[in-house]
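Here is a friendly briefing to read alongside the structure. Take a look at the model, then work through the notes by topic.

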Amino acid sequence: MSELDELRNEVDAADDAILAALVRRFDVTDRIRALKARDGLPRVDAEREREILARVAAAVPPAKRDTVCGVWERILSGTRGEIETIARGVCVKDGKVLLCRGKGLGSTYLPGGHIEFGETGAEALVREIKEETGLESTAGKLLGVVENSFLQHGEKHCEINLVYELTLSGGDVAAQEDWIGFEWCPLSNLDAANLLPVDIRRLIPENG
């Protein structure tokens, strides 16, 4: 085994430890949220979150603080039940629109992803497309905004979708991540594709 392989194995082991710790943390924060709801306490404790971030920042070298604190801010956001902000793209070609489907799921959605702190919606869309397909892209005009709320594993989630025109550069679209796939859906067949959220369909042109 090469030195590179050994180091990659160490990274994998560290990732496994992080995932195990996150699962444990999510279990505890779910119990805290239930306890607060029972006792009528505020859902978010800003002072407690500042204490957590300060402790995290103090534990890493200055050059790594922005990255690590960014990760912890995302963890805190995910456990407090905030509204997610997502950039999505409408890419139409030859009468078909590009859709994304989670492996094993019966619904589809427009490609894109979460907007990170400091990004514009258009910048986030281009970054997400590069990560998910390996292709360069251009985000065009903002087509509209769609609010959505839904239940996932028994918990309510809320999101705001910023929907842009999307143009891809390069070859065929192939997923770079194992848990998703891409497909070109005829514009006349969106009902069968079960595109969600339903309200987002009004932002897709009827003709390509």
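**Strand pairing and the rest of the chain**

In strand 3, valine 97 is the bridge partner of valine 92. The model is a predicted one, in which local features need pLDDT of at least 70 and side-chain atom pairs count only at pLDDT 80 or more, while totals for chains, interfaces and linings use all residues. Residues are numbered from 1 along each chain as its sequence is written, and side-chain values use heavy atoms, with hydrogens and water left out.

**The sheet**

- Strand 2 pairs with strand 3 (residues 96-102) in the antiparallel sense, over two bridges; pairing here requires that DSSP finds at least two bridges between two strands.
- These strands belong to an open sheet of three strands in the order 2-3-7, with antiparallel pairing.
- Strand 2 (92-93) and strand 7 (180-186) are its edge strands, each pairing on one side only.

**Overall layout**

- The chain has five helices and seven strands; these are DSSP runs numbered from the N terminus, with helices being H or I of at least four residues and strands being E of at least two.
- Read from the N terminus, the elements run α-α-α-β-β-β-β-α-β-β-β-α.
- Along the principal axes, the C-alpha atoms fill a box of roughly 55 × 55 × 30 Å.
- Among contacts with a separation of 6 or more, 65% join residues 24 or more positions apart, a contact being heavy atoms within 4.5 Å.

**Confidence**

- The mean pLDDT (the predictor's confidence in each residue, from 0 to 100) is 88 for the chain, and 95% of the residues score at least 70.
- Helix 3 (residues 62-80) has the lowest confidence, with a mean of 84, and helix 4 (residues 121-133) the highest, at 94.

- Of the 208 residues, 29% count as buried; buried means under 20% relative accessible area, exposed over 50%, and partly exposed in between, with a 1.4 Å probe and protein chains only.

**Proline 42**

- Proline 42 sits in the loop between helix 1 (3-39) and helix 2 (46-58).
- Proline 42 counts as exposed because its relative accessibility is 56%.
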